[in-house]
Amino acid sequence: MQRALERKGIPTVSLTVALDVTEHIKPPRSMFLPFMMGHHFGVPYHKELQREIILEALDHLVEAKESGEVKFPPFTWAKARKEGIAIKRSLGLK
Amino acid sequence: MTETSKPNQLRLEVWNTVNERYPGSMISKEDFVPLSFLTKPLSESKLSFVSTSGVQPVGTMPFDTVHPIGDYTYREVPSNLKPHELEIHQLKYPTVGANQDINVIFPIERLQELAQEGVIGGLTDNFYSFIGYNMDPDKLEQKLAEDIADAVVKSGADIALLCPA
Amino acid sequence: MSLPYLKDAIKNGDNEKLIRYVRLHFGDGNEEAGSKEINKSWIEALKLLLDSPETDREFIFETLENKDPETLAHLYFHLHFHLLKRSGEWIHDGNL
């Protein structure tokens with residue numbers, strides 16, 4: 001998919017939570033997140049984190065020079081979850 | 001970054017697990033395709049989003065989650081929709097977060113905000129979504145991937161963000 | 001198992017492989033779970049018929065007679081998941 005787009009002239013960046021899969025499929029540009037499957041953009045209601053993840057990915061799209069470069073931004077799942085719980089509390093959700 | 005500073009993935013051995021269960025379903029590559037590069041600043045570039053999340057507009061034909069060989073269709077998701085106008089049909093990844101806030105897997109509101117603020121030049125009229133359960137790797141690569149890539153090109157996208165769920 | 005593996009198994013009459021695949025599909029990659037799921041969907045169907053309620057047999061005959069075998073096979077897969085959903089014991093991650 002990503003390869004097809006690059007071949008058609010569109011620069012792409014993909015997000016991954018499974019580095020071993022990424023190593024096999026060799027996407028042109030990708031960014032790894034040590035997150036739970038299905039939670040590539042973080043945790044519910046954490047708008048700032050969701051936004052940061054997109055911005056980091058776009059930054060990689062601009063900055064990567066070599067095909068296959070994987071970016072490792074400094075997000076952690078433990079921190080994301082903790083912040084997510086605090087945000088939910090502040091919103092009065094459980 | 002050096003090898004040692006790589007953070008660990010949360011769920012280990014995804015590749016081996018899938019291959020053990022569904023041998024031959026994963027596509028392995030030995031080479032890297034040459035990169036395309038931006039031709040204008042990000043703030044002038046139109047972004048498209050492609051997702052395997054099974055997100056689709058409410059009321060469109062649900063993805064075929066029961067078919068043993070998979071579903072090779074995709075849905076156009078208008079990029080101006082609100083989360084309550086979207087639903088998810090898929091069985092293969094945990095939607096515990098997405099059920100509360102769809103932006104964790106399909107960040108449509110965050111992308112709308114970034115376009116509104118001028119961080120990116122805009123969004124293509126549609127985003128593209130399909131499901132990840134596909135047992136025919138050739139059809140996936142030669143038909144579905146090409147179909148979506150053609151649609152993205154036609155949509156006038158300058159850049160694409162991809163998220164395999 | 002990918003499509004080429006399945007076609008190969010059919011060609012070689014390797015039913016063990018095919019059964020394993022069906023179980024993997026129904027059990028989200030877990031053969032034992034898939035086997036249990038198949039039983040669960042049949043138990044759900046059985047429970048619905050215990051008191052011999054009136055059913056639309058004309059619809060059944062008409063469907064079996066008039067629909068192509070591919071649609072019926074597809075319906076079979078749909079019915080499996082439909083009955084499981086009805087049973088209230090849902091082991092899958094997402095939504096149908």
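Which residues form a nonpolar patch on the surface, with about 300 Å² of accessible area together? In this predicted model, the patch consists of Phe59(C), Ile60(C) and Leu64(C). Phe59(C) lies in helix α4 of chain C, which covers residues 57-66. With a relative accessible area of 51%, Phe59(C) counts as exposed, because the term applies to residues over 50%.

**The interface of chain B and chain A**

The size of an interface is often given as the accessible area lost when the parts come together. Between chain B and chain A, about 5300 Å² is buried, and carbon and sulfur atoms give 68% of this area. On the side of chain B, the residues that lose the most area to chain A are Val33(B), Leu35(B) and Leu162(B), which together make up 12% of what that side buries. The extent of the interface is set out below.

| Property of the interface of chain B and chain A | Value |
|---|---|
| Residues in contact from chain B | 62 residues |
| Residues in contact from chain A | 56 residues |
| Salt bridges | five salt bridges |

A salt bridge joins Lys8(A) to Asp150(B), and the closest N and O atoms of this pair are 2.9 Å apart. The elements of chain B that give two or more residues to the side touching chain A are α1 (14-21), β1 (46-51), α2 (108-116), α3 (137-154) and β7 (159-163). Of these, α3(B) gives the most to that side, with seven residues.

Terms used:
Residues are numbered from 1 along each chain as its sequence is written. Chains are lettered from A and ligands numbered from 1 in the order in which they are written. This is a predicted model: local features need pLDDT of at least 70, side-chain atom pairs count only at pLDDT 80 or more; totals for chains, interfaces and linings use all residues. Side-chain values use heavy atoms; hydrogens and water are left out. Patches are made of residues with over 30% relative accessible area and no salt bridge: like charges are joined within 9 Å, nonpolar side chains (Val, Leu, Ile, Met, Phe, Trp, Tyr) within 5 Å. Accessible areas come from the Shrake-Rupley method with a 1.4 Å probe; for residues, only the protein chains shown count as cover. A salt bridge is a side-chain nitrogen of Lys or Arg within 4 Å of a carboxyl oxygen of Asp or Glu. Helices (H or I, at least four residues) and strands (E, at least two) are DSSP runs, numbered from the N terminus. Buried means under 20% relative accessible area, exposed over 50%, partly exposed in between (1.4 Å probe, protein chains only). Contact means heavy atoms within 4.5 Å. Buried area is the accessible area (1.4 Å probe) that two parts lose on being put together, summed over both.
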